[in-house]
Amino acid sequence: MEFVTPVAGALVRLLLGPVGNRLGRVVLGPAERRALEKACRTALERAVDDVREEGATREEADHVLGLLQRLVEEADPDDIPLLAPPGDPDPAPAHPGAGAEPGAPVGDRSGAPLIWRQAAERAGLDPDTFPMAFDHLIERLFVHIRAEVTQAAAAIDSPLFPRVVLTRLERLDTSFQALAAAVHGAAAPLIPLAEPLRQTLDTARDVCRTSQRAFVTPDLLLALLSIPYGRTAACFDSVRPALADTVRRMLQRYLTTTEFGPFHPFDWAERADVQHARGQAARDMAPVVSDAHLLLGVLEGDSATNRQLAGWLGPDHDKLRGAALSAARNARSGSLGTPGIVFGGDGDGDGDSDPLRP
């Protein structure tokens, strides 16, 4: 925790900026500056505690704080491009590949991420080698710093707070989130698929290749439900008893009664759901992508299968996603279109009832 105080001081300097520093000599007195420093320090301490609770060691937390200190000290308040200018588009998505087509580029290498990567490199750092806890700390830091600074702003009469500090906080938040996205995007593709997840997926793909039928999202979801002792089936059953078996039967029926296009060779890394799963594994600091991570990739994706599943499950879809998120975190040790209706009828062919209706 030796880095908390210097990092807090550097954050104050960035939050005030050149205008704030000039006005600070007149408007922002020592008591108010101390209050702002205290808010930043408290936010950092809370962020570090969150990262520790998520599995990072004290040494890892100190290492990330050290990286953050070098970055914020490198940032010159007069060098406004280091802060995201007002009206800039959102930074790169926190989940690389989410909703993207197969083969889409992972991570933004332009704009704010590129500027901050260059700042990191000037400080002698390689963003591609940052520990996984970096984006955790950034995320939690700005949750807490916004709350702490807003509370300080409400208690202090200085016009600097509402006029300068809070506005720059939003811009600093956007910039650091963009850097975290760039770091995250560089690390996530390196995380391998776990076994027997990869074996199960490869087998399902081989079946489609042999039968010359396109591999579609229902194939992937059925493969996840078929993994022995896997977490996917347990997630479904935690939402509703025997739901895994019900969905498994419906997927099997759909895949055997629906016409698909021809098989096209692909790599797992090209699929948006796999990219999303790797992103979640990176945030969880997991050494491998588990089936629960990949289930999240499906449930948080934009496939027709997920949209239909969400329609039938209703509020239970959120429960399923929550179960998958919990399972993924506990496991810490694009995609082709789908024709037709996946989840239709009761599996008996009459189409009169809906077993997934809440």
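1. Which backbone oxygen lies 3.2 Å from a polar atom of the side chain of T246? In this predicted model, the atom in question is the backbone oxygen of A242. T246 itself is placed in helix 10, which spans residues 243-257.

2. The solvent exposure of T246 may be considered next. Its relative accessibility is 18%, and T246 therefore counts as buried, since the cut-off for that class is under 20% relative accessible area.

3. Helix 8 (residues 217-225) and helix 9 have axes that come within 6 Å and cross at roughly 90°. Helix 8 is therefore roughly perpendicular to helix 9. On the helix 8 side, the residues involved are L221, L224 and L225, and these meet T232, A233 and F236 of helix 9. Sorted by class, this contact comprises five nonpolar residues and one polar residue, with no charged residues.

4. Helix 9 (residues 231-239) also packs against helix 14 (residues 316-330): the two axes come within 9 Å, with a crossing angle of roughly 140°. Helix 9 and helix 14 are therefore oblique to each other, as the roughly antiparallel class requires an angle over 145 degrees. The crossing of helix 9 past helix 14 is right-handed.

5. As to the residues of this second contact, helix 9 contributes R231, C235, F236, S238 and V239, while helix 14 contributes D316, K319, L320, A323, A324 and A327. Their division by class is seven nonpolar, one polar and three charged.

Terms used:
Residues are numbered from 1 along each chain as its sequence is written. This is a predicted model: local features need pLDDT of at least 70, side-chain atom pairs count only at pLDDT 80 or more; totals for chains, interfaces and linings use all residues. Side-chain values use heavy atoms; hydrogens and water are left out. Axes are lines fitted to C-alpha atoms, for helices over the stretch in contact, and angles run from 0 to 180 degrees between N-to-C directions. Helices (H or I, at least four residues) and strands (E, at least two) are DSSP runs, numbered from the N terminus. Angles under 35 degrees count as roughly parallel, over 145 as roughly antiparallel, 65 to 115 as roughly perpendicular and the rest as oblique. A crossing is left-handed if the near helix is turned anticlockwise from the far one by less than a right angle, and right-handed if clockwise. Contact means heavy atoms within 4.5 Å. Ala, Val, Leu, Ile, Met, Phe, Trp, Tyr, Cys and Pro count as nonpolar, Asp, Glu, Lys and Arg as charged, and the others, Gly among them, as polar. Buried means under 20% relative accessible area, exposed over 50%, partly exposed in between (1.4 Å probe, protein chains only). A polar contact is a pair of N or O atoms within 3.5 Å; within protein, one must be able to donate a hydrogen and the other to accept it, and residues adjacent in sequence count only if both atoms are side-chain atoms.
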